[in-house]
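Trainee: Please take me through this model, starting from the end of the chain and working towards the pocket.

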Amino acid sequence: MKRTRWVPRGLVLLAFTGTVWAAPPSYRVTELQGFAPAVINNLGQIAGTTAGGAVLYSNGTLTTLGGLGGGRVDVNGLNDLGQVTGDALTPGGLTHAFVWRNGAMHDLGTLGGASSTGAAINNSGWVTGTSVT
C-alpha cells in the first residue's frame, strides 16, 4: 500500500471585500423641478433650496425647513440623521448660522459679531462654521 504524506509548505490567506460576482449598480433618476440640491448624505437624503426656501428631500418627500425670518436661506451641511446646517437672513437683515433638527429651525447666533455660517454637521449634531467678530 502506497502512502501519501502532505507536508504544509506555507499559508495562503484570501480576503475578499465586497461581492465577487455582483451585478452592476442600478440608479434611479428623479427630477425635481425648481430644486437646487446642495448636499447629500449616506442615506440618499438631499438638502438644498427652492424658490420657497430650504428643503430636505427624503424617501420621495420634499420637506420645507423654514428660515430665520429674513427670507434667504443657504444650505451647507447634512448629516445621516437628516439634520441640516447653513445660514439664513434674520428679520434684521443679518446672516446667522442655523441647524434644522427634529422639524425645527434653530438660530445659532454669532460669536458677538454681525454674521455666522454653518458649514458642516457631523452625526453627533456638532456644527462647524465661521463667525465674523
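Trainee: How many bridges join strand β9 (residues 115–121) to strand β10 (residues 127–132)?

Mentor: This is a predicted model, in which local features need pLDDT of at least 70 and side-chain atom pairs count only at pLDDT 80 or more, whereas totals for chains, interfaces and linings use all residues. Residues are numbered from 1 along each chain as its sequence is written, and side-chain values use heavy atoms, with hydrogens and water left out. Strands are DSSP runs of E with at least two residues, helices are runs of H or I with at least four, both numbered from the N terminus, and two strands pair if DSSP finds at least two bridges between them. T117 stands opposite T130 in β10, and β9 and β10, which run antiparallel, are joined by six bridges.

Trainee: Which residue in the turn between β9 and β10 has a positive phi?

Mentor: β9 and β10 form a hairpin with five residues between them. The residue in that turn with a positive phi, of about 90 degrees, is G125.

Trainee: How many helices and how many strands does the protein chain have?

Mentor: Read along the sequence, the pattern is β-β-β-β-β-β-β-β-β-β. The protein chain therefore counts, under the DSSP definition of runs, as having zero helices and ten strands.

Trainee: In what order do the strands of the sheet with edge strands β1 and β4 (61–66) stand?

Mentor: Four strands form this open sheet with antiparallel pairing, and each of its edge strands, β1 and β4, pairs on one side only. Neighbouring strands are turned by 30 degrees against each other on average, direction ignored, where axes are lines fitted to C-alpha atoms (for helices over the stretch in contact) and angles run from 0 to 180 degrees between N-to-C directions. Four bridges join β1 to β2, while β2 (residues 46–50) and β3 pair over five bridges, with G48 opposite V55. The order is β1-β2-β3-β4.

Trainee: What is the bridge partner of I40 in β2?

Mentor: The hairpin of β1 and β2 has five residues between the strands, and G44 there takes a positive phi near 85 degrees. Across the antiparallel pair, the partner of I40 in β2 is I46.

Trainee: Is N59 buried or exposed?

Mentor: N59 is found in the loop between β3 and β4 and has a positive phi of about 50 degrees although it is not a glycine. Most residues other than glycine have a negative phi. Buried means under 20% relative accessible area, exposed over 50%, and partly exposed in between (1.4 Å probe, protein chains only). Because its relative accessibility is 79%, N59 counts as exposed.

Trainee: Where is N102 found?

Mentor: Phi of N102 is near 50 degrees, a positive value in a residue other than glycine, and at 76% relative accessibility N102 counts as exposed. The place of N102 is the loop between β7 and β8.

Trainee: What distance separates the C-alpha atoms of V39 and V75?

Mentor: V39 lies in strand β1 and is buried, with a relative accessible area of 17%. Leaving aside residues up to four places away in sequence, V39 touches Q45, I46, A47, V75, N76, G77 and L78, contact meaning heavy atoms within 4.5 Å. V39 and V75 are 36 residues apart along the chain, and their C-alpha atoms are separated by 7.6 Å.

Trainee: What is the volume of the largest pocket?

Mentor: On a 1 Å grid over the protein atoms alone, a cavity is a set of points where a 1.4 Å probe fits but cannot get out, and a pocket is an open set with protein on both sides within 12 Å along at least five of seven lines, its lining residues having an atom within 4 Å of a point. Grid points are joined across faces, edges and corners, and a volume is the space filled by probe spheres set on the points. The volume of the largest pocket is about 230 Å³.

Trainee: Which of the 14 lining residues are the closest to the centre of the largest pocket?

Mentor: β1 (36–40) and β3 (53–58) each supply at least two residues of the lining. The lining divides into seven nonpolar, six polar and one charged, where Ala, Val, Leu, Ile, Met, Phe, Trp, Tyr, Cys and Pro count as nonpolar, Asp, Glu, Lys and Arg as charged, and the others, Gly among them, as polar. The closest to the centre are R28, G44, Q45, I46 and Y57.
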